[in-house]
Every structure is written in C-alpha cells, then in structure tokens.
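Subject: Structure handover

Hello,

The structure is below, followed by notes on what was found in it. Please read them with the coordinates open.

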Amino acid sequence: MHEMSLCEGVLQVIEDAAKAQSFDKVKTVWLEVGSLSGVEIKALEFCFEVVCRNSVAHDAALEIIESPAQAWCMQCAESVVINQRYDPCPMCEGHQLQVTGGDEMRIKELEVV
Amino acid sequence: MCTVCGCSEGEARVNGQVHTHGEHSHDEHTHSHAHDHSHGHDHSHSHNHSNGHEHSHSHSHEHSHEGAHHYGQGPARAHVPGMSQSRMVQIEQDILGKNQRYANQNRVKLQNKGIFSLNLVSSPGSGKTTLLTRTLHDLKEQHAMSVIEGDQETSQDAQRIRETGAPAIQINTGKGCHLDAHMVGHAIEKLEPETGSLLFIENVGNLVCPAAFDLGEEHKVAILSVTEGEDKPIKYPDMFHAASIMLLNKVDLLPYLDFDVEQCIAYAKQVNPRIKVLKVSAKSGEGMQDWYQWLTLNQQSQMLGVETASQKPIASTKNMADAQHITEQADG
C-alpha cells in the first residue's frame, strides 16, 4: 500500500518534469533507495508498473540504485556502515549511533524521448 | 560513474572530421549510431543542471573540424547507445519532497502560533484514543487542546474525542495507510487551533508507513502497549527511531503478563538512543502525571518567543521547580 503511494509520488514528479521540460515518454527511471528507507523493492517494482500504466511513463524500465546505510558512531567518532537501525557499531559494538545516510528515496534521473 | 553501463569513466570523446561518429566503446560493447547532423549548422542544445533548472539555447555552429566534440558532458556523462533520440533528465528529487514541503508549511504555521503539535503513532489497539480522551479530560482546565483524527474509515474516534469537549476533525484516509502533510494542512485550516494550544494528531494505527511522513509536528509519540510484546521497537525500528518519546501504555496489566519492561526499553534505546520512555496507564491513571508534565513543559517552551496579544507569564515558579524535577529524573 505504502509503495503504491510512493509510486504515485514518483509519477507525479515525472509528470511535472514532463511538463516543465517537454518530453512525451519516459524510457527509464533511476531511483536511489536507501537500505533504511523502509521501501520494499519488489513491491515498488510491482506498483510502479501498475501506477505508470497509460501515463507518460508507460512501460518505463525501473532501475534501482541501492545505497547503504551509514551512521556516525559517537564512541568511535567515525562513520560506519550498518545494515539495520538496531545494528551495533561494527567497531565498538555500541549503540550510540546516529544514522547519517541510507534513508533516502530519490529520483535520480530519467531517460526520456 | 557512467550511468549507462556502470563503467567508471563514461566520458566518450569523439574527435574528428566526419560526423558519422563514433565508436563509443566500453570494455564489453561496441556500437555505432547514426547522428543526424546536417552540416550547416543550426542545432539546439538542451542541457540540464543538477540544481534543477533547465535552459536550452540554439546556436549556429562553426565546425572547424579540428576540435573535439564532447558527448560525455551531458547528465548521462556518456553518449548512450541506440539513444540518439532520447536524452537524460536529471531530477534528483526526493520522492517525499512534496510531502516535506507541505509539512514545513504546517510547521511554520503552528510554530508561529506557539502551538505544540504531536503526531501519535502506534499499532491498532494500543490505546491511543483512550490515552487521548483521558488526557483531554484531565487537562481541559489547563490547556486549550484540539485533535486531528486519522482512520481508514468511520468517524467514531472523532466522536469519542468530541465527547470530551475538545474540537476534533476526522480524516478518513480510505485506502491510505497513513496521514500525509497535505491532509493535515487542510485539517489545521478547518480546525483553527488556538494560539498556545496543544494539537494532537492521531495517526492511522500502523507502525510502518507513518514513520516516513512528516506532518509538521514537533514530535512523534509512539505508543506501545504491554500486551503487544517487548520486541516491537526492533521489529518496527523506523517508527521508534522517528519518535522522540515512547509511552508504554497499559502498565496496569503488567502483573498478568510476561512483558519484560527493561528489555523493551533497551530495545527502544537500541534503535533510538535519545528516546524518552514513560510508563503509563490510561485506564488507572498511573504515570499519567509525567506525561502531562512533559506536555505542559513543552507547550510552555513552544510559546517562548511567540508574540501574543495578551502576554501572560508562561512559567510559574512552581512549574520551573517541576521542570527541574523532571530534568533530574531524565538524567537519572
């Protein structure tokens, strides 16, 4: 359900861009999805196709760029890579982590005709 | 990185005389493509800047046939095989950017009026509405309060709220699994909460999606009841990470359950080291004073710096003493 509304958001951005930059068809969409963004990629792909049907992005290919989660460890004073929010710091095993990246959901670019 | 094939250097340069260029050869593929340049030459270039504005311009070209033609400077940083008719449009836009803009508008509007707003999130059945009706009932002498209720269907919750005397607006999300900032913006317009009041936004019962949608609130309040299992914070980490405070509700039932309170709090701190945890029971009233104190202190600090028609002292000495007490508790 949530992925559905995200895809509607994506389509809205594409349609706005289509108006502003006058293109009629989108062939490929590149999305950057952080591993902490809470987005289920399989569901996103499924919804994307459904939402884009009969739109400017009809049959467009969806390319997902997955970005890893990063956090700042206050103990080690270093940036570390984590997989989940509750992961401990890989260096000191502590939980004084501030997530600094990996929760983004961005449309990077489009290939348009 | 070349966004076409992923190679690290995508700058294909084509030099030369004849414009039936070229061989953009990456390690594993070679291709040629026809390029429709009538040598004369009027062609328009459009290119996109990553900061979001586009401009295109036409200019006539003198081809000295000596210089280099650079096809790698466009957004794709490569000349794309079989794509001579298409172009790359760089967007770099947050999917939730639109929601964020509405949320920012809401936040400014609320902060200008010194309204302290909270987004209450939990799974269905954690006792959000009961906690809220008790709060509205107990604090009605001290605070002006209003409520935005989010549910998929029915306005039963708003009805329960209105019975306490507080103004309430129901938003039905239909198929939606969360409130968004646009819906809430409209509800705020209709509700017109008073300057210096408390605004509670009761989100749809869902521990997943509402975490991602900023509504313009000051804080998210996660409500977890002890009948749910102590591992909820790590099962739904996004929500507990987004919340500033967790209310552990229904603590009056603890004697009948195997719920491990300490473990639950440890899990919550694991996903969010800054989260504040209060143990409450909306039914028995246990721990509710701490919650009310938290609300009052935050509402008072929200009013600092807000100009009102009738300036009244916002914190009495007694409250300051209480504030001290709370701080000490939090530190301990």
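A residue is called buried here if 20 or more other C-beta atoms lie within 10 Å of its own, with the C-beta atoms placed from the backbone. By that criterion, 38% of the 332 residues of chain B are buried. Note that the model is predicted.

Chain B in outline. The chain has 9 helices and 12 strands. Among its contacts with a separation of 6 or more, 69% are between residues 24 or more positions apart.

Strand β9 of chain B. β9(B) pairs in the parallel sense with β6 of chain B (residues 116–122), over 5 bridges. Within that strand, Phe116(B) has Leu198(B) of β9(B) as its bridge partner. β9(B) also pairs in the parallel sense with β7 of chain B (residues 145–151), again over 5 bridges, and there Val147(B) stands opposite Phe200(B).

The nonpolar cores. Which residues touch the most other members of the largest nonpolar core? They are Val184(B), Phe200(B), Ile201(B), Ala222(B) and Met239(B), in a core of 87 residues. Helix α1 of chain A (residues 2–21) supplies the largest share of this core, 6 residues. Another core, of 6 residues, lies apart from it and includes Ala69(A), Ala71(A), Cys73(A) and Ile82(A). As for Val184(B), its contacts beyond the neighbours within four places in sequence are Asn106(B), Ile148(B), Leu179(B), Ile201(B), Leu215(B) and Gly216(B).

Helix α7 of chain B. In this helix (residues 261–271), Cys264(B), Tyr267(B), Ala268(B), Gln270(B) and Val271(B) are buried. Viewed down the axis of α7(B), the buried residues fall within an arc of 155°, so they line one face of the helix. The elements covering them include α5 (232–235), α6 (237–242), β11 (245–249) and β12 (276–279) of chain B.

The interface. How many residues of chain B are in contact with chain A? There are 32, and they touch 27 residues of chain A. On the chain B side, the elements giving two or more residues are β5 (87–94), α6 and α7. β5(B) gives the most, with 8 residues. By class, this side has 16 nonpolar, 8 polar and 8 charged residues. Strand pairing also crosses between the chains: β6 of chain A (residues 105–112) and β5(B) pair in the antiparallel sense over 6 bridges. In this pairing Glu111(A) stands opposite Met88(B).

A sheet in chain A. Three strands form an open sheet in the order β4-β3-β5, with antiparallel pairing. Its edge strands are β4 (78–82) and β5 (97–101), each of which pairs on one side only. Neighbouring strands of the sheet are turned by 40° against each other on average, direction ignored. β3(A) (residues 69–73) runs antiparallel to β5(A) and is joined to it by 4 bridges. One bridge partner pair is Gln70(A) and Gly101(A), the latter in β5(A).

Regards

Terms used:
Residues numbered from 1 in each chain as written. Chains lettered and ligands numbered in written order. Predicted model: local features only at pLDDT ≥ 70, side-chain atom pairs only at ≥ 80, totals over all residues. Buried ≥ 20, exposed ≤ 12 C-beta atoms within 10 Å, placed from the backbone. Arc of directions from axis to C-beta. Contact = placed C-beta atoms within 7 Å. Pairing = 2+ DSSP bridges. Nonpolar A, V, L, I, M, F, W, Y, C, P; charged D, E, K, R; others polar. Axes fitted to C-alpha atoms, helices over the stretch in contact; angles between N-to-C directions. Core = buried A, V, L, I, M, F, W, Y, C linked by C-beta atoms within 7 Å.
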